[in-house]
Amino acid sequence: IIYSYEDCSLNSFKLASKIGVKTIYDLTSPYWLLKKRILKEEVNLQPDWNLSSSEVVTEKKCKNKDEEISLSDQIIVASSFTAKSLELFEKNIKSKINIVPYGITHPIKKIITKRQKNDKLKIIFVGRPTLSKGIQYLIQILNQLDFPWELEIAGSIPEKPHQISQKLDLFFKDSRCKFLGQIQNKNLLQKMRESHVFLFPSLFEGFGQVILEALSCGLPLITTNNTAGLDIIDDGKNGFLTPIRDTKKTIDIMYSLYHNEELRMSIADNGFIRATNFSWTKYQNEL
């Protein structure tokens, strides 16, 4: 058997098919056609924004991805969202698809940061501040909140903010916004532990490892249905799920978490417990 990953399997799989070796393909992101459709819609919805170079996939690369899938005997994906995206593939490959969620190294001690009544709501966003990650909706949401907040953004982009959007550039200059860039994972986890809410309005994710990381840090999260959220979160119990682009529901949740600390702590506690169901040992055994 050869086990290989998206975008680096083509030559190996071609040879494997000639000599009778079984192929297992690990697809780490949703099917490219769905991603392209969502981004095309987004560009039309957001005329003041540009795609990052990290979001542009060439026609040749898409063709190669399709050939890799065609040459696969089995396909591993990390979420039901990624599995469903493969319904857009030209052939029915449902029988080949296996959903194996990622794991996490879960902390032994539970640490949940309590927020005092008049404290600012500390929000963290993790990922590239680009259209596909929903940074444009995060900005819209925060601009409509009338309570005090502060935001930390952990992630990098190859462009300058103004090359993505003047709105992004202006937002980065807001005193309430702190752009951390790319930081080490241990520092990221510490930032999560010190925050009150993890806001992750991504338009698509193959899984979204930061979801599990946030839960394990006792951090309530709000994410979209286009991530592994549907496989992990019980909406309103251990986190919150919204459709993509649904700023109204997210704003309502943010107000609830700001004004009801008991609710926020309950969500955090339940999220920490939920994360214990996802370990690397379980991932290994399922694989």
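1. A salt bridge here is a side-chain nitrogen of Lys or Arg within 4 Å of a carboxyl oxygen of Asp or Glu. Glu6, Asp7 and Lys65 are linked in a network of such bridges. By this rule the count comes to 15 salt bridges.

2. A word on the basis of the note. This is a predicted model, in which local features need pLDDT of at least 70 and side-chain atom pairs count only at pLDDT 80 or more, while totals for chains, interfaces and linings use all residues. Residues are numbered from 1 along each chain as its sequence is written, and side-chain values use heavy atoms, with hydrogens and water left out.

3. Helices (H or I, at least four residues) and strands (E, at least two) are DSSP runs, numbered from the N terminus. Buried means under 20% relative accessible area, exposed over 50%, and partly exposed in between (1.4 Å probe, protein chains only). Lys65 is buried because its relative accessible area is 6%. Glu6 is buried too, at 11%.

4. Where does Asp48 find its salt-bridge partner? Lys167 is that partner, with the closest N and O atoms 3.4 Å apart. Again the pair links distant parts of the chain. Asp48 is in the loop between α2 (32–45) and α3, and Lys167 is in helix α7 (residues 166–172), 119 residues apart. Asp48 has 48% relative accessibility, so it counts as partly exposed. Lys167 is partly exposed as well, at 44%.

5. Glu87 and Lys84 form a further salt bridge, at 3.4 Å, N to O. Both residues are exposed. Side chains of opposite charge can pair when their charged atoms come close.

6. Now the sheets. Two strands pair if DSSP finds at least two bridges between them. An open sheet of 6 strands has the order β7-β6-β5-β8-β9-β10, with parallel pairing. β7 (177–181) and β10 (240–242) stand at the edges. Each has a single partner strand, so one side of each is left without a neighbour in the sheet. Neighbouring strands of this sheet are turned by 20° against each other on average, direction ignored. Axes are lines fitted to C-alpha atoms, for helices over the stretch in contact, and angles run from 0 to 180 degrees between N-to-C directions.

7. Strand β6 (residues 149–154) runs parallel to β7 and is joined to it by 4 bridges. Glu152 stands opposite Lys178 in β7. Helix α8 (residues 185–194) packs on the sheet, touching β5 (121–126), β6 and β7. Contact means heavy atoms within 4.5 Å. The direction of α8 makes about 150° with that of β5.

8. β5 deserves a separate look. β5 and β6 pair in the parallel sense over 6 bridges. The bridge partner of Val126 in β6 is Ala154. Is β5 enclosed or open? 5 of its 6 residues are buried, so β5 is largely enclosed by the rest of the structure.

9. Another open sheet has 4 strands in the order β1-β2-β3-β4, with parallel pairing. Its edge strands are β1 and β4 (97–99), each pairing on one side only. Neighbouring strands here are turned by 25° against each other on average, direction ignored. Strand β2 (residues 23–26) and strand β3 (residues 74–77) pair in the parallel sense over 3 bridges. Ile24 has Gln74 as its bridge partner in β3.

10. Tyr3 lies in strand β1 (residues 2–5). Tyr3 counts as partly exposed because its relative accessibility is 31%. Together, Tyr3, Tyr5 and Leu287 make a nonpolar surface patch of about 280 Å². Patches are made of residues with over 30% relative accessible area and no salt bridge: like charges are joined within 9 Å, nonpolar side chains (Val, Leu, Ile, Met, Phe, Trp, Tyr) within 5 Å. Accessible areas come from the Shrake-Rupley method with a 1.4 Å probe; for residues, only the protein chains shown count as cover.

11. Lys282 is in helix α13 (residues 280–286). At 38% relative accessibility, Lys282 counts as partly exposed. Lys282 and Pro101 are 181 residues apart in sequence, and their C-alpha atoms are 9.0 Å apart in space.
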